[in-house]
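Please keep the sequence and the model in view while reading.

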Amino acid sequence: MTQPKNSEHKVSMETAPGRAELRKILRQKRQSIPPEDKALLDAELGKQLLAWCEHHTPASLAVYWPIQAEPDLRSYYQQLQERGIQLVLPLVTAKDTALSFLSWQAGDAMTVDSYGIAIPAHGRLVAQPDVLLIPCLGWNAEGYRLGYGGGFYDRTLAAIPRPMAIGIGYACTRAEFAAQEHDIPMDCIISA
Ligand SMILES: Nc1nc2c(c(=O)[nH]1)N(C=O)[C@@H](CNc1ccc(C(=O)N[C@@H](CCC(=O)O)C(=O)O)cc1)CN2
Ligand SMILES: Nc1ncnc2c1ncn2[C@@H]1O[C@H](COP(=O)(O)OP(=O)(O)OP(=O)(O)O)[C@@H](O)[C@H]1O
């Protein structure tokens with residue numbers, strides 16, 4: 001058993017109840033970032049995202065429409081599009097499947113799906129993008145991510161060929177937890 005070394009949560013997360021507890025802690029941490037700090041962190045994340053895309057020039061990129069207190073990078077999506085990147089947004093079609101993707105351009109109308117998630121109102125279903133931007137409720141030093149427990153991004157990353165995965169997370173939600181068998185690490189994590 002690992003002893004706590006610093007303020008991170010050194011809880012053993014091998015079992016589902018442990019993950020549920022960690023999710024609760026991380027949700028509270030994220031929620032308690034003051035709005036003015038969050039705006040600064042989001043700007044820093046956005047700057048890093050633009051730099052990453054400048055360097056890697058993906059043809060297509062799955063962005064996300066923030067829910068709860070996820071980093072909000074929406075004000076950067078137009079700039080990405082202006083650099084020639086085709087943007088898409090994720091769509092949950094059924095409980096135990098991988099994500100599907102809908103075409104979307106900055107400014108396009110949005111609607112809400114049956115899960116309460118914002119999706120493009122008139123998007124077309126498109127092929128899996130080259131790169132996924134994945135909001136992380138929590139993340140660890142090995143690049144593993146904790147989401148909301150639906151397993152949608154993990155199932156999407158299990159596809160062959162596998163899209164590249166860029167995690168987006170606040171530094172204060174870095175935690176220590178053990179990966180589960182189905183977890184697929186992020187190729188990189190952009191954090192601030
Ligand atoms: N911004 C964003 N969009 C996304 C995701 C995401 O994590 N973030 N998804 C990533 O998969 C997909 C949507 N999946 C989601 C799955 C669960 C919950 C959620 O809030 N679940 C509730 C519990 C619901 C229940 O148990 O019935 C919760 O966590 O409180 C949200 C999104 C696609 N779009
Ligand atoms: N490749 C896969 N094939 C089948 N089931 C999977 C796969 N990946 C994940 N799952 C299922 O999804 C469940 C939730 O996974 P996990 O706890 O890692 O979710 P999460 O990554 O936090 O959620 P999300 O990706 O939706 O934000 C797992 O218990 C597992 O049953």
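The points below are grouped by topic. The model is predicted. UniProt, in an unreviewed entry, places a "binding site" at Arg 145, Leu 146, Gly 147, Tyr 148, Gly 149, Gly 150, Gly 151, Phe 152 and Tyr 153. From this set, Arg 145 belongs to the lining of the largest cavity.

**Surroundings of ligand 2**

- Ligand 2 is surrounded by 16 residues. The closest of them are Arg 23, Arg 145, Gly 147, Gly 151 and Asp 154.
- In the side chain of Arg 145, an N or O atom is 2.8 Å from an oxygen atom of ligand 2.
- Tyr 148 approaches through its backbone, where an N or O atom lies 3.2 Å from an oxygen atom of ligand 2.
- Asp 183 has a polar side-chain atom that lies 3.2 Å from an oxygen atom of ligand 2.
- On its own, ligand 2 has 640 Å² of accessible area, and the protein covers 71% of that area.

**Leu 146 in strand β9**

- Strand β9 spans residues 145-146 and includes Leu 146.
- Leu 146 has a relative accessible area of 1%, which is under 20%, and therefore counts as buried.
- Apart from residues up to four places away in sequence, Leu 146 touches Arg 19, Leu 22, Arg 23, Leu 26, Cys 136, Leu 137, Gly 138 and Phe 177.

**Phe 152 and Thr 156 in helix α4**

- Helix α4 covers residues 152-157 and contains Phe 152. Thr 156 is found in helix α4 as well.
- Phe 152 touches Val 92, Ala 94, Lys 95, Thr 97, Ala 98 and Leu 99, when residues up to four places away in sequence are not counted.
- Thr 156 is buried, because its relative accessibility of 1% is under 20%.
- The side chain of Thr 156 reaches the backbone oxygen of Phe 152 at a distance of 2.6 Å.
- Thr 156 is also in contact with Ala 98, Leu 99, Phe 101, Gln 128, Leu 132 and Pro 163, leaving aside neighbours within four places in sequence.

**His 122 in a loop**

- His 122 is placed in the loop between β5 (118-120) and β6 (125-126).
- With a relative accessible area of 72%, which is over 50%, His 122 is classed as exposed.
- Between His 122 and Glu 70 there are 24 Å in space, C-alpha to C-alpha, and the two are 52 residues apart in sequence.

How values were computed
Residues are numbered from 1 along each chain as its sequence is written. Chains are lettered from A and ligands numbered from 1 in the order in which they are written. This is a predicted model: local features need pLDDT of at least 70, side-chain atom pairs count only at pLDDT 80 or more; totals for chains, interfaces and linings use all residues. Side-chain values use heavy atoms; hydrogens and water are left out. UniProt positions are given in the numbering used here, feature names are shortened, and annotations may be inferred rather than shown by experiment. On a 1 Å grid over the protein atoms alone, a cavity is a set of points where a 1.4 Å probe fits but cannot get out, and a pocket is an open set with protein on both sides within 12 Å along at least five of seven lines; lining residues have an atom within 4 Å of a point. Helices (H or I, at least four residues) and strands (E, at least two) are DSSP runs, numbered from the N terminus. Buried means under 20% relative accessible area, exposed over 50%, partly exposed in between (1.4 Å probe, protein chains only). Contact means heavy atoms within 4.5 Å. A residue is near a molecule or strand if one of its heavy atoms lies within 4 Å of it. A polar contact is a pair of N or O atoms within 3.5 Å; within protein, one must be able to donate a hydrogen and the other to accept it, and residues adjacent in sequence count only if both atoms are side-chain atoms. Accessible areas come from the Shrake-Rupley method with a 1.4 Å probe; for residues, only the protein chains shown count as cover.
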